[in-house]
Amino acid sequence: MVSGWALSRQEGGNPNAADVVFASQFEGWQREHFNEEQIAQTGVSGPLGDADGDGFENLWSYAAGQDPWKNLRAEFLPRAEMHAGRLRLFVRVRVDAVDLQIAADFGEDLVSWSRVDQAMGAPVDHGDGTQTLVFEDVAEGGVRRFGRGQVILSSP
Ligand SMILES: [Ca+2]
């Protein structure tokens, strides 16, 4: 019985075997942008580090396919809109990042959040290797609702 699926380089795949390429997707990007010394410092180069101090973790730069030493480009900042009384969050990410899960959290007090893992409908393909996923709030907006995008790195 196969317990999990991942992309494989081999035709026909290799079910249940670890695939090194799949497991090191973030690491590959990391090595393009950081030297050995920086890689040793997770606060600088790790998924939750923020190399350029723009307030977006490196994971966001990776998800956008951008240089972590430059501010996240405006089109990759999560965008919110109200739609028929519900908050919708638009999150633009690269298509080829197979080790990423994109989700959104919604809530009313910035303390407790409801996670939405499933984007609405088909992603909007921008034709440049990126797509926009749309997440809708679990509840209608009362006095106030908050939303935040989540980029989650799958554990190897
Ligand atoms: Ca950053």
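Which residue in strand 4 is the bridge partner of A104? The partner is V116. Please keep in mind that this is a predicted model, in which local features need pLDDT of at least 70, side-chain atom pairs count only at pLDDT 80 or more, and totals for chains, interfaces and linings use all residues. Residue numbers start from 1 along each chain as its sequence is written.

**Overall make-up**
- The protein has 5 helices and 7 strands, where helices (H or I, at least four residues) and strands (E, at least two) are DSSP runs numbered from the N terminus.
- Read from the N terminus, the order of elements is α-α-α-α-α-β-β-β-β-β-β-β.
- Of the 156 residues, 22% are buried (20 or more other C-beta atoms within 10 Å of the residue's own, with C-beta atoms placed from the backbone).

**Strand 3 and its partners**
- Strand 3 (residues 100-107) runs antiparallel to strand 7 (residues 146-153), joined by 8 bridges; strands pair if DSSP finds at least two bridges between them.
- Within this pairing, D105 stands opposite R148 of strand 7.
- Strand 4 (residues 114-116) is also antiparallel to strand 3, with 3 bridges.
- Strands 3 and 4 form a hairpin with 6 residues between them, and L110 in the turn has a positive phi of about 65°.

**A look at V93**
- V93 sits in strand 2 (residues 86-94).
- V93 counts as buried because it has 21 C-beta neighbours inside 10 Å.
- Beyond its neighbours within four places in sequence, V93 is in contact with residues including A63, L100 and T130 (C-beta atoms, placed from the backbone, within 7 Å).
- The C-alpha atoms of V93 and E75 are 9.8 Å apart, with the two residues 18 apart along the chain.

Technical notes
A residue is buried if 20 or more other C-beta atoms lie within 10 Å of its own, exposed if 12 or fewer, and partly exposed in between; C-beta atoms are placed from the backbone. Two residues are in contact if their C-beta atoms, placed from the backbone, lie within 7 Å.
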